[in-house]
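Hi,

Here is the structure I said I would pass on.

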Amino acid sequence: MKAPKSLFSCLLAITLAFTTLPVTADVVLPSVDSKYVSIREINPTRDAGYVVGDKLERTIILTVKKPYELIEESLPIVGYEHRYRGQVSGIELANISTEEESFSDRSVHKIHLTYQVFKSGRVAKPAILRGEIVKLRHNGKTEIRQVRFPSFNFRTSPLSVYGEVNLKNEMSPFIPPFTISTVREYQIIKVAAGVLVLSLLGLLYILGAHTWLPRMGGAFAKAYRKVGHLPENAEGLQQSINVIHQAIHQVAGHSVFSNNIDQFLQEKPAYQPAKPEIERFFSLSRQVFFDTKTPLELGMPAKQWLRTFCRHMRDCERGLIPEVK
Amino acid sequence: MHDQQLADWRAQALKLESEVNKVVVGQQNPVRLITIAVFARGHVLLEGDVGVGKTTLLRAFTRGIGGGYQRIEGTIDLMPNDLVYHTYLGEDGKPHVSPGPLLMSGQDLSIFFFNEINRARPQVHSLMLRVMAERTLTAFNKEHYFPHMLVFADRNQVEREETFDIPSAARDRFMMEIPIVVPPAHDIMESLIFDTRFHDVDQLITNVEQDILKFDQLNSFAKVIQENITASPALRKYALNLWLATKDPLAYGIKVSNVDMKRLVLSGASPRGMGMLLRAARVNAWLNERDAVVPEDIHAVFHETIAHRLVFSPVYEMRRTEIAREMLSGIVNAVAAP
């Protein structure tokens, strides 16, 4: 009878040993003195509205002062699923990466944790990113301490509403109302407003300066077009000269005659390259309007010469240097 | 025929100018203007400071033009009869009457030089007004004619004591009022100080060749000029616009600094004034060897023929010279031709 009794004892001991093993693994170590560690956390910006499959990223920056050092093996492992009272929490660690920076008196560990939500419900429910526990070793001693990261509370949401839901009861104060994204519309309205402002400025310029572009539509540009439309006869020639006289008057701001061409060129030096032609124009004007005996050699019909002269003056007006022969 | 005559007389006119320019230096523009007045048969009023050479200039012209020359000095006690006759007691103890400066040269009177005309009383101005306009005078129960007479007068605007403003009606009889200023060139100013030939005016004037022009032919030749130098329709329109602008400068957008343009002009240029302007412009065209008047000919004489005819509000009379110059420059700048 003795043998079965000892066998029973052995079986009992083995059973006890196996049942107490997990308890031994989850043994609670003493916490490290807070003066040796400091923790900074960077949590997700949103704490509600997560549905199954969503990922939450948080970063823990753990600073451990000497003589303690982090036991890397105590960091949580990927796939670890937290349980609470025997029930899986539905939040699983999907990824972990660390960066370490060592200094003479401390080491800084930047721990990036990615959790994935694996649970869903009919209503919004609270959830938690567990405060992970890591272990620290006293350098030179066998003493092991632990430190617990702060937890992060958030809420999960159902993917869809099942059955009849009393919104009044089911509305979660933690989820902001879903809004349609208006970023694109805002971008469009900004671009449209910009185009509108530019168009108005353009319109203002066109109406104010009576021209499409800067340096265009000046007095001589208009005169050039008008002269081109006038008939090729004596009357047309007189009108052409008149048109050019008006353009010169407009540019100078006063009447210009052959005896104040130099004054005009001093005031408007852009027209200096055309001086010989300006003098010839006044001789032509004198011949046509006042004194037919004024000697003049244009080398081409007067109307054609006027067109050329007007084009040269238009070039001067636009800041170009005409090729005056 | 006329072409040759015009050319011959032009040579003489240019010679007269050149002779006068020898003795009166740095006054080319006034010399040209007086030449124009002589050939346009217009009286000339010179205006300027004391001692700038007004009298010398007129005496030089007088010598070159030839004919009878008479002169009188304007004084506050000068009376009209002083211009017509002198009374004196003769050696025989009896009173005698002799012709005054106006009558002394008879019809050959070519130049009557009235020095400092604004010192004379209005009665004298009144007499001169008639003589200048009609070139006749009734004295000793007889009508006296002065067909070749030109009046050259000068006035000094600096002194106001014991002077009488020439009324606008009398001013209008003068074809031109020419300002005489000291030439700004330093070399000329230096020679006026140190060149001794300028110190003796009587001697200086003798350097001008005498009787360059035939004074008794000037009237007929002036007519030839006026008949042969043409004015195109465009120029007529331009002159008309200038005239209208002198009457209503505001309508032409003309502004003068610190002047209320609505109140400024009481009367613009007179028809006689515009006629004289065109006469002078024709002579200028002839002197520049042209057969037709151009706007530049009008510009050459515009200020001198028009400025003294404008009648301003009394409040602006003290600034007359400055305002007239600015206003007429504004007119030339504003009125376009063609």
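Chain B has 16 helices and 11 strands, where helices (H or I, at least four residues) and strands (E, at least two) are DSSP runs numbered from the N terminus. Bear in mind that this is a predicted model, in which local features need pLDDT of at least 70 and side-chain atom pairs count only at pLDDT 80 or more, while totals for chains, interfaces and linings use all residues. Residues are numbered from 1 along each chain as its sequence is written, and chains are lettered from A and ligands numbered from 1 in the order in which they are written.

Of the 338 residues in chain B, 43% count as buried (20 or more other C-beta atoms within 10 Å of a residue's own; 12 or fewer is exposed, in between is partly exposed, and C-beta atoms are placed from the backbone). If you take the contacts in chain B with a separation of 6 or more, 80% come from residues 24 or more positions apart. A contact here is two residues whose C-beta atoms, placed from the backbone, lie within 7 Å.

Now for a helix pair. The axes of α13 (residues 271-287) and α14 (residues 295-306) of chain B come within 8 Å and cross at roughly 140°, which makes α13(B) oblique to α14(B). Axes are lines fitted to C-alpha atoms, for helices over the stretch in contact, with angles from 0 to 180 degrees between N-to-C directions; under 35 degrees is roughly parallel, over 145 roughly antiparallel, 65 to 115 roughly perpendicular and the rest oblique. Among the residues that meet are Gly273(B), Met276(B) and Leu277(B) from α13(B), and Ile298(B), Val301(B) and Phe302(B) from α14(B). The residues of this contact divide into 10 nonpolar, three polar and one charged (Ala, Val, Leu, Ile, Met, Phe, Trp, Tyr, Cys and Pro are nonpolar, Asp, Glu, Lys and Arg charged, and the others, Gly among them, polar).

Thr163(B) counts as partly exposed because it has 18 C-beta neighbours inside 10 Å. Leaving aside neighbours within four places in sequence, Thr163(B) is in contact with Asn118(B) and Arg119(B). Its C-alpha atom is 7.3 Å from that of Ile76(B), 87 residues away along the chain.

Last, the contact between the chains: 13 residues come from chain A and 16 from chain B. On the chain A side, the largest share, three residues, comes from α5(A).

Cheers
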